[in-house]
Amino acid sequence: MSRSKRAEARRRRPAWWNRAWGLLVVPLAVMAGAAGIVVLVTVPDSVNEVRAFRSARPCTFPAAVAADCLRTYPATVRGTAVENQGRSQLYLLKLDGPPPIPAELDMDDEVPLLKHLRKGDHVTVTVWRDYAPAVTKDGVTQESTDTPEGWPEFQTAFALDLLTVGGYGGFAGTTAVRHARRRSLPDWVALWGRWTMGALLVSVPAGIIGYETGTGPVVVALLWLALLPAVWLVVKRRERHDSGRHSRRPAPSRAADTGTWPRYLANWWRSVTNAFWALDRVLGGQRRPTRFQKWVGRHPTKAGLSVGTPAALFYVLFFVMLSDEAELEDILVATLFGLSLGLIFGLTAASERLRQRRLKRLGIWDGS
C-alpha cells in the first residue's frame, strides 16, 4: 500500500467509527428515554399506594376479602439475626406462617421488640396488601421497613436519570453522525457529558431528601431542577480552570494524539469527583452517618442485591399474573428493570462508602 493510500485510510477510519457508534447510541438513547417516560407515568400509582397505606385502618370483622385494610395474621418466630457490632449491622426477623406472612422481615433496629424475641415465640404480623409493616407481641409493636414509603421518590429520581441519559445519548449520537468526518467531536459534546454526569449524581441526594422529608416526588423533581444550574456552574468553572489563561488550544498534531484521550479522561474524572464532593458538602455530606448508612456503606453489594433481586422477581411475577400468556420480552424487560434498580442502589451505597472513608480522612468521624 502506498503512502497516499495509507493516509487516506487513516482519514477514513474516524469517519466510519464515529458514524458507527453514533448510530448505535441513538437507539439506546431512545430506549432509555422511553423507559424513563414509562417509569415517570407510573409514579402517580405509587403515590396513590402510599396514600392508601397511610390512610389504612384495621379491618373490622367480618371484613370483605377485597377490603383494603390492615389485617393481622398469627406467625411463629423461626429465628432472629441481630448484628450490630463491628462492620456488620443486621436486624432480621425470620417467621413461619401462612401466606401472606413473609419468610424474613427487616426490622431496621433491635428495639423495642426484636431483641426480646426467641425461637418459637408467637407474634402477630400486620399485613397490608403485599406488605408486612409491623409485628406485635404482648402489646409491644415494632414497625418494619416493608412499606411502600419512599418508593415514589426514588422512582422519580430513577426516571429523571433515564430521561437525562436518553437526552444526552441522542444528542451525542446525532452529533457523532453529523460530524463523522472530523478528527474529533466538538468540545461541547464533552462539556454536556460532564453536565449529564453531574445531573445523574444530584438525583441521588434529591431522592434521599424527598424520602427523608416525606415531601413526595414533586419536591424531588423540583430539587433536582434547582440543582442543575449549580452543576452547570461547577462544570463551566472546571472547564475554564482546565483551559487556563490561554483558552485557545493549538491545532492537534499526530504527535499529540497519543496523549489526548488519557488526559481528557483524567480531567473528566477529576471534574466529576470535584463536582460530587462540592455538592455533597453543600447538602450536608460531612455529617456523621446514621446506623442505616453505616450498614449500606459497609455492604454495598448486599444493598444492591437486596433491592435488585426482589424487584426483578416482583416485576416478573407481576407480568406473569397480569396476562395468561406472558411473553419472553415482558419477562426480560421486568428483569432488566429490577436489576437496574439494584444497580442504581448499589452505586449509591458505594458512593456512601466513599463518603464515609472521606470523613475518616478528614477526621470528622472515627468509624464507630
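Predicted model: local features only at pLDDT ≥ 70, side-chain atom pairs only at ≥ 80, totals over all residues.
Close-up 1. Thr 175 belongs to helix α3, which runs over residues 151–178. Its side chain reaches the backbone oxygen of Phe 171 at 2.7 Å. Leaving aside residues up to four places away in sequence, Thr 175 touches Leu 185, Pro 186, Trp 188 and Val 189.

**Close-up 2. Tyr 168 and Phe 171, an aromatic pair within α3.** Phe 171, whose backbone oxygen takes the contact from Thr 175, is partly exposed at 30% relative accessible area. Tyr 168 comes out partly exposed too, at 23%. These two rings make a tilted pair, 6.2 Å centre to centre with 50 degrees between the planes. The residues are three apart in the helix, so about one helical turn separates them.

**Close-up 3. Phe 154 and Tyr 211, a pair between helices.** Six aromatic pairs turn up in the whole structure. In the one shown here, the ring centres of Phe 154 and Tyr 211 sit 5.6 Å apart and the planes meet at 45 degrees, so it's a tilted pair. Phe 154 is in α3 and Tyr 211 in α4 (residues 187–213), so the pair ties together parts 57 residues apart in sequence. Phe 154 is partly exposed at 34%, and Tyr 211 is partly exposed at 37%.

**Close-up 4. The two sides of helix α2.** Buried here are Val 43, Ser 46, Val 47, Glu 49, Val 50 and Phe 53. They cover an arc of only 160 degrees around the axis, so they lie on the same side of α2. Asp 45 and Arg 51 are exposed on the other side. Phe 53 also joins Trp 128 and Tyr 131 in a cluster linked by ring pairs.

Definitions and conventions. Residues numbered from 1 in each chain as written. Heavy atoms only, no water. Helix = DSSP H or I, 4+ residues; strand = E, 2+ residues; numbered from the N terminus. Polar contact = N/O pair within 3.5 Å; in protein donor to acceptor, adjacent residues only side chain to side chain. Contact = heavy atoms within 4.5 Å. Buried < 20%, exposed > 50% of the residue type's maximum accessible area, 1.4 Å probe, protein only. Arc of directions from axis to C-beta. Phe/Tyr/Trp six-rings, centres within 6.5 Å; stacked < 30°, edge-to-face > 60°.
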